[in-house]
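Q: I would like to go through this structure with you, one topic at a time. Shall we begin with the charged pairs?
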Amino acid sequence: MKIPTIHGYIDRRILINFTTKPKTIKKIIPSPFKPKIYKDKAIVGICLIRLKHIKPKGLPDFIGVHSENGAHRIAVEWDENGETKSGVYIPRRDTSLKLNTLVGGRIFPGRHYYAKFNVQENKGNYHIDFKSSDDTELFIDATETKLFNDNSIFETLSIASDFFENGDLGYSPNKDKFDGLRLKAYNWEVRPLEVNHVKSSFFENEEIFPKGSVTFDNALLMTNIEHEWKSEIDK
């Protein structure tokens with residue numbers, strides 16, 4: 001799927017990151033992907049992103065659309081032309097914008113489930129929850145902090161930032177292929193979040209993830225980022 005370069009603004013992006021066993025992920029990600037391992041763990045997570053002024057690059061901002069979105073992600077690697085590439089495999093996307101549910105998998109990568117989002121933000125405090133059309137649910141309460149999680153598998157905020165910045169290429173399932181989309185952030189800056197409570201019915205689905213196999217690791221925040229989405233060769 002080849003789409004025009006999309007331009008807009010990331011008003012707010014929260015990355016909620018978890019660890020799990022590589023053998024758990026190997027069972028659910030398709031070829032050619034394999035889990036990207038860090039300290040013997042596979043990394044999975046959720047991206048909660050509010051997008052504004054999304055439209056083909058070169059068009060004025062006022063015609064762009066706005067939306068709240070959630071993406072469940074798995075850090076992956078694959079072999080391509082003799083090199084090991086890295087990015088994320090995105091088995092699930094949820095959105096507040098019905099347009100995305102109509103064009104997802106057609107003119108925009110991956111199927112999108114329509115979801116009702118409840119977002120409350122106040123002085124560095126973030127509450128986001130959503131329930132999708134197939135009853136998938138997510139809930140998070142988090143607060144901005146200056147301290148990166150001491151219990152994270154990543155030793156420092158900088159190391160975590162680099163890991164996720166390198167996962168800028170995402171592939172989403174679409175019928176018998178995978179649609180590729182690369183995020184080009186004009187500047188990359190993350191801040192730590194302290195998570196008070198988080199719940200994802202996707203990661204708590206014991207038919208996919210055995211009970212207790214997914215462990216919270218850290219959360220990161222990005223705000224006010226101008227960006228582009230660029231289509232990549234489908235797999």
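Q: Which residue forms a salt bridge with Asp61?
A: Lys55 does, with the closest N and O atoms 2.6 Å apart. A salt bridge here is a side-chain nitrogen of Lys or Arg within 4 Å of a carboxyl oxygen of Asp or Glu. The model is a predicted one, in which local features need pLDDT of at least 70 and side-chain atom pairs count only at pLDDT 80 or more, while totals for chains, interfaces and linings use all residues. Residues are numbered from 1 along each chain as its sequence is written, and side-chain values use heavy atoms, with hydrogens and water left out.

Q: Is Lys55 buried or partly exposed?
A: Lys55 is buried, with a relative accessible area of 4%. Buried means under 20% relative accessible area, exposed means over 50%, and partly exposed lies in between, using a 1.4 Å probe and protein chains only.

Q: How many salt bridges does the structure hold?
A: There are 18. One of them pairs Lys52 with Asp11 at 3.8 Å, N to O. That pair links distant parts of the chain, since Lys52 is in strand 4 and Asp11 is in strand 1 (residues 6–20), 41 residues apart. Strands (E, at least two residues) and helices (H or I, at least four) are DSSP runs numbered from the N terminus.

Q: And which residues are linked with that pair in a network?
A: The network of salt bridges links Asp11, Arg12, Arg50, Lys52, Glu68 and Glu121. Within it, Asp11 is buried at 19% relative accessible area, whereas Lys52 is partly exposed at 30%.

Q: What about Asp94, which residue is its salt-bridge partner?
A: Asp94 pairs with Arg92, the closest N and O atoms being 3.0 Å apart. Asp94 is buried, with a relative accessible area of 1%, and Arg92 is buried as well, at 7%.

Q: Which residues does Ser132 touch, leaving out those up to four places away in sequence?
A: Ser132 touches Arg92, Asp94, Tyr113, Tyr114 and Ala115; contact means heavy atoms within 4.5 Å. Ser132 is in strand 8 (residues 125–132) and is buried at 6% relative accessibility. Its side chain also joins that of Asp134 in a polar contact of 2.5 Å. A polar contact is a pair of N or O atoms within 3.5 Å; within protein, one must be able to donate a hydrogen and the other to accept it, and residues adjacent in sequence count only if both atoms are side-chain atoms.

Q: New topic: how many cavities of 30 Å³ or more are found?
A: The search of the whole structure finds 1. About 110 Å³ of space lies in the largest cavity. Among its 16 lining residues, the closest to its centre are Arg73, Ala75, Val88, Phe163 and Phe164. On a 1 Å grid over the protein atoms alone, a cavity is a set of points where a 1.4 Å probe fits but cannot get out, and lining residues have an atom within 4 Å of a point. Grid points are joined across faces, edges and corners, and the volume is the space filled by probe spheres set on the points.

Q: Which element gives the largest share of that lining?
A: Strand 5 does, with 4 residues. Strand 4 (41–56), strand 5 (65–80), strand 6 (83–95) and helix 3 (157–165) each supply at least two.

Note on methods:
1 Å grid on protein atoms, 1.4 Å probe; cavity = no way out; pocket = protein on both sides within 12 Å on 5 of 7 lines; lining within 4 Å.
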